[in-house]
Structures are given as structure tokens and as C-alpha cells.
Amino acid sequence: MIFDSHAHYDDKQFDIDREELLESLSELGVGTVVNVSASYESWRRCVEMAAKYPYIYAAVGTHPDEVGVLNEEIFAEMKEWCKRDKVVAIGEIGLDYYWDNEPHDVQKKWFIRQLDLAREMNLPVIIHSREAAADTMEIMKAHAQGLQGVIHCYSYAREQAEEYVKMGFYIGIGGVVTFKNAKKLKEVAAVIPLERILLETDCPYLAPAPYRGKRNQSSYIQYVAEEIAQIKGITAEEVIAVTEENARKMYRLS
């Protein structure tokens, strides 16, 4: 079944029908979802959602746009949330120079601190990187040794994707690969082994064609699988099966 390796069902866009949608996922071919936090306020929401639904797991972390709220006291609180049942990763964490909501040195500091926390907690990491390719790679090479994880919503060139795979990381691919102008990501999907790819929605964002611009949800991963299958000359069923196995391996789920 579909494994959505990165979702945000605690987002306010789902307030109108969250419970109904989540309860229908299995009927839509979705077996597992990792709901990923981004802010201080979202840690509790993600952990509580994972406790409520047996097929949902949580990731706890602070997005680079939100790291300005962090201090030693709040960081210690985050560590405690990481110990809760069904927390399977630290994320999403990283660098974002597109929005530039926080100074680069602040983003780097808390990116490194959260990588260190992942090592301490023995958890994989979910990496966000936007318009920050060189700095992200530099930090990952210096501070991510021995860690496992995924480069979420991958948006860079194939050469960097291949380097991350050599480092032991997975490449997260979502709805963008279905866009006609997504030439770089289609090339990445072609050259990266299927065994190193995770499927994701980043819902409610980045819905694939034919739903581009609308609210995304986990069953739409079927369109991502079909696109990758066409690129690789295999079946969508094989893409879904292998990427589910990949996600279970990375998140250490039986």
C-alpha cells in the first residue's frame, strides 16, 4: 500500500474534514503516513495524531523558518517530545534561503543542533533544503555522519542527489515530478535507484497533476508512482511496493 513519508495533516487546511479524510485513507490505498512537524506548536499536534490513528506516525523537529523561537529550554522540551511513542524521526529540519525568515547563522546553528539530537536519540532525519544547496551539503558532510534520513521534496540537480545517496540518504519525491516543467526532478527520478526513493505528499501542499494548485492528500501519491513508473519503465505497483519497503526500513517500522 501507499506509504506517505511526509505529510502535514495537522495543517489548518484540513480542519474542515480532517477526521473523515484520515479515516478514509485505507480505503484509498494508503497504508501508512508519517505526519511531520515544523514548528513548536505542531509537536503536540503530530504526536497526538499518531496516538489516535494506528497507521500514522510522527516526526518532531523545527523547520528553518521557525527556528527563531528556539532556545535551550524549548530545545530540551523538543527532546522530551522525541521520546514519545510513535515518534520515528527528527524533522523537518534544515535550511531555507528562499523565504529567509531567519538569519542564515541561526538556521545553521539549529540545523546542526537537531542533527546532533537525532544522533543522540538514534532517529533518522527529514531534511528540508530550499535555495541552500551548498550550505546544506557542507553541513550534512560535517555533521550527518552515521545518520540515516531523507532529503525531503528534493529540488536540486542529479549530481547532488547521487552524492546524498552515496552518504546513505534517501531522496523524497512528491507531486512536483508530475509537472511538465520539472525536468531536473524527472532526471533525478530516472538516475536514482528505486531502492533509494521515498514517496511523499508534503500535503496539503504540492498536489500532483491533475490536482495541481488544490489541496493535496496521501492517495494522490498514486499519480507520483505512475509518473516514476513511466520514467523508469516499470509498473506503478512496483514503485509503490518498493518505496513502501524503503520507508519502513528508514523509519524502522516492522
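Mentor: Five bridges join β4 to β5, and the two run parallel. This is a predicted model: local features need pLDDT of at least 70, side-chain atom pairs count only at pLDDT 80 or more, and totals for chains, interfaces and linings use all residues. Residues are numbered from 1 along each chain as its sequence is written, and side-chain values use heavy atoms, with hydrogens and water left out. Strands are DSSP runs of E with at least two residues, helices are runs of H or I with at least four, and both are numbered from the N terminus. Two strands pair if DSSP finds at least two bridges between them.

On the β5 side, Ile 93 stands opposite Ile 127. From β4 the chain crosses through helix α4 (residues 104-121) to β5, in a right-handed β-α-β crossover. Right-handed means that, with the strands pointing away from the viewer, the path from the first strand over the helix to the second runs clockwise.

β4 has another partner. Strand β3 (residues 56-60) pairs with β4 in the parallel sense, over three bridges. There, Val 60 has Ile 90 of β4 as its bridge partner.

Now the surroundings. In β4, 10 of the 10 residues are buried, so the strand is largely enclosed by the rest of the structure. Buried means under 20% relative accessible area, exposed over 50%, and partly exposed in between (1.4 Å probe, protein chains only).
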